[in-house]
Amino acid sequence: MNADDVIESYVTDVALQLPRKQRNDVAFELRALINEELQGRADESGRSVDAAMAVEFLQAFGRPEDVAEFFPGSDQYRRPFLRPAARQCDLSPDRRDPRHP
């Protein structure tokens, strides 16, 4: 398995967590992001992107199920209480925008 195979498998796993109508767009964007980040790491380390580098990067990037949560359309995205960033927001009544009661 080469780096492209590893990336494609990961992107497919993420996309399958999303509604069918979004899968192609999300897969395209995610694939581009991963390739760009991997190339940057390869350039910094002075080596070419290989399967081992891709696996290491994707393990740090997160599980496909967790990554899918950050894309609109996923069940978790619609339920912000499941997202770590949303849990950190203070939405108490005195902190809400007065224009949107």
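Analyst: Tyr10, Phe57 and Phe61 form one aromatic cluster. Rings of Phe, Tyr and Trp (its six-membered ring) pair if their centres lie within 6.5 Å; planes under 30 degrees apart count as stacked, over 60 as edge-to-face and the rest as tilted. This is a predicted model, where local features need pLDDT of at least 70, side-chain atom pairs count only at pLDDT 80 or more, and totals for chains, interfaces and linings use all residues. Residues are numbered from 1 along each chain as its sequence is written, and side-chain values use heavy atoms, leaving out hydrogens and water.

User: How many aromatic pairs are there by this rule?

Analyst: The count is 2. In one of them, the ring centres of tyrosine 10 and phenylalanine 61 are 6.2 Å apart and the planes are at 70°, so this pair is edge-to-face. It links distant parts of the chain, 51 residues apart: tyrosine 10 is in helix H1 (residues 3-15) and phenylalanine 61 in helix H3 (residues 51-61). Helices are DSSP runs (H or I, at least four residues), numbered from the N terminus.

User: Is tyrosine 10 buried or exposed?

Analyst: Tyrosine 10 is buried, at 7% relative accessible area. Phenylalanine 61 is partly exposed, at 29%. Buried means under 20%, exposed over 50%, and partly exposed in between (1.4 Å probe, protein chains only).

User: OK, on to H1. Which residues of H1 are buried?

Analyst: They are Ala3, Val6, Ile7, Tyr10, Val11, Val14 and Ala15. Seen down the axis of H1, these buried residues fall within an arc of 165° (taken from the directions from the helix axis to the C-beta atoms), so they line one face of the helix.

Terms used
Helices (H or I, at least four residues) and strands (E, at least two) are DSSP runs, numbered from the N terminus.
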